[in-house]
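Subject: Structure handover, with notes on salt bridges

Hello,

Here is the structure for you to look over. My notes on its charged pairs follow below.

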Amino acid sequence: MTAASVAPAMQPLVPLSRQISFSDEESGDQPASTDLQPIPPIPPFRLCKLDFREGCYQINFRPTASLVSFEGTLRVDRSAPDGGADHLIVSGDLYSKRLVIGPIPHPLPPVGNKDEDESAADTSLTSLAASLSAVDEPVIPHPIRRPVIPIFPRARYHSYLRVTSVSAPVAVPFPKKCELTIIAEQFNYTQPPAGQFKGTFPATPSRTVTLKLSKVPAPFPLSLTGGPFYEGRLFDGGVDKGSVTLAWVSKFFRRATLEIDTLVGAVRPAPVPDGAGGTEFFDTVFAKTGWQLRVVQDQLNVPVPAGVTSTNCWSSADLHALMTAVRNPATNLDTEWHVHMIVVPAKLGCSRGIMYDQIGVPREGCASFSDDGYPVGDSSNFGLAANKKQRDVPRAFLRSATHELTHTLNQIHQEQETAADNSIMTTTPSVADVLGGPATGAPGVFPDQIALAHNTNVRHHLNHMPDPVIRPGGWPFASWFPTGAPQATDRHDFEPSELALTVTAATDRVALGQPLDLTWTMTNNSGVSLRAPNDVSTEALFASITVTDGEGHERPVRPFVILCEHAKLAELEPGESVTASAKVFWSTAGFAFEKPGRYRVDVAVSWSAQGVMVGVQSGLDVFVDYPTSNADNHSANLVLHPEVGKWVALGGEAYHLGEACRRLQALSQTASPAAMAPGDGAPAPRVLDGFADLMPDRAKLARLRPELTADPGSRTPARTAAPGRKRAAKAKKRTGRKG
């Protein structure tokens, strides 16, 4: 862990625990501290030996006279640099628990690897009837193993606990009991609608609860952990709401698995010296943050997909197809936090890594490119790594791959949140610039002095953000921070005479289901150089797009491809511009234009300048026309489907998306006279205009999806529309500067 250079400039839009304030309710109460050496009490006082140690606890709450109980985790963080004078932050998550008939003396946590099977059983029983009828397995698995950090199904997530106060008395007068008192704000969670992944937390706590806990001997097998065990009562407004237990299970706060697969010809990241006689790897980096990361180096020689040259730059569609095919189909994100990483060769100048907002669900996979590396065009401070491949610079390679891994845990760049520093979630060029500035520009500073650690800000997020926000398969990427037009108190915008953002579109009217081609240019109109992003594409994360309908409902258009390793804050000279473009159509937040009517499309470019959020914003109005023919309605119905949305987001040619291929094949035939209803007399649907450079290639479709091109009455392929034009964007860079 490294200290953040400045305080965060962006406040997450989710509940998040902060430093603890201790309450002193009883005479002699002192803040809970592992190194506190109390003065022996004078009778008739009782000495308390409460052990509220750091780590993860399993919490179980059984409300009085209720058919539903709750279980979850409580994270006690005593090493938090941002934890105030006492370095303490406490947070927790609760999940609803299936019904169990009959009393249970003490709830037992997952043991060894058995938690996966037990959680899977829980996942399959979601109705009250099934829960009441279930035949429970034996409570204690065999063989007995030490308890581990529990993981629960996403659909059972109930609430987040933001602990605000902890009291652990050193001594109490007889006959009062020694009690650990925890006060927490509870934020009840609303699960997302079917087919979506982002639920909602209320802006204010649903209630404030008080836990009164006494330390008692730990029941078996919790006694195997050697940690404390508490039991007591939970109170809401002074009213006893039920029993609660708290069992220490691990010195870590969270646990996850990283599976690494490697394509033929690629080289995976390797452990590097830590300077103290040991090595650093993914697991040790995350251990410093407080996570227990299990690394599985799985398939070593994954075949190169047909038609792909693995040593060239990979298209988004080809890499997405590979990750879809290679990931382990047995992975269950309800029983483990699992991230899949694929390592491919690529070549210098493509990108060091990439992440997709969704393969099957959000944030389950990323990729690292072993043969890309450190071109001097990205930074003049790469030192001895300049123009070398990642495979030849092991420390920088491991840092870059860990950067992509941390993206899958929903973390963004520190150039946006705080400032560029020598930490993992700063982009690689910015790390080189931080290490190789005017004072330390000697060759060898990069990569030798790279800090393989998360900074304080990212550490706080990884350990204390709510489970759904962090865990793979939870919230979509970057959905926890504000987009659109922030209030003046949130961000300071440049005057147009200083830095201007111009937004244009190919048209101000689109058909229902037609993608909108949007372009924006940021220009330095001042007479001085300004420090600003060198890449304002949404994929580089500095830019965001928000669509607002006529009723004022906002919808972010999040990047589906996170391709950011060339991005950094750099000098933008007077008169110089940087440009980017996107097809506004679909993201993991849904379709940008779901129905006809008037919309506002806003683009905001934001970054942190010395701990202050700054940026520019602009937008334009767009009208989505009402369908005027059967062909219009039919075409809109074909393309307003998530698979087609993914096809567009990947830039086309994503032939592994079978449903998208089928629908676009049908769309290509809507212009034929046979496809029009008698008497319709309408021209070809305008939706086709928006897909002109995105239609499947006829030859590839026949080769890769013959079932879609075969004529049922013939052995020869049916006549199809002319091949779609190659995307114009493939012939030019998505971003660039112009004088």
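Lys700 is partly exposed, at 25% relative accessibility. (Buried means under 20% relative accessible area, exposed over 50%, partly exposed in between, with a 1.4 Å probe and protein chains only.) Lys700 pairs with Glu653 in a salt bridge, with 2.9 Å between the closest N and O atoms. Lys700 sits in helix α15 (residues 698-704) and Glu653 in the loop between α12 (642-649) and α13 (658-668), so this bridge ties together parts 47 residues apart in sequence.

Two terms, briefly. A salt bridge here is a side-chain nitrogen of Lys or Arg within 4 Å of a carboxyl oxygen of Asp or Glu. Helices (H or I, at least four residues) and strands (E, at least two) are DSSP runs, numbered from the N terminus.

Please keep the basis in mind: this is a predicted model, local features need pLDDT of at least 70, side-chain atom pairs count only at pLDDT 80 or more, and totals for chains, interfaces and linings use all residues. Residues are numbered from 1 along each chain as its sequence is written, and side-chain values use heavy atoms, with hydrogens and water left out.

Arg254 and Asp93 form a salt bridge through their side chains, at 3.6 Å from N to O. Arg254 belongs to strand β12 (residues 254-262) and Asp93 to strand β5 (residues 89-97), so the pair links parts 161 residues apart in sequence. Arg254 is buried, at 3% relative accessible area. Asp93 is buried too, at 0%. Through shared partners, salt bridges join Arg75, Asp93, Arg254 and Asp467 into one network.

**A partly exposed pair**

Arg600 bridges to Asp621, with the closest N and O atoms 3.5 Å apart. Arg600 is in strand β31 (residues 597-609) and Asp621 in strand β32 (residues 612-625), so the two parts tied together are 21 residues apart in sequence. Arg600 is partly exposed, with a relative accessible area of 31%. Asp621 is also partly exposed, at 41%.

**The whole protein**

The salt bridge count is 31. The protein has 16 helices and 33 strands. Of its 739 residues, 54% are buried. Take contacts (heavy atoms within 4.5 Å) between residues at least 6 apart in sequence: 75% of them join residues at least 24 apart.

Best wishes
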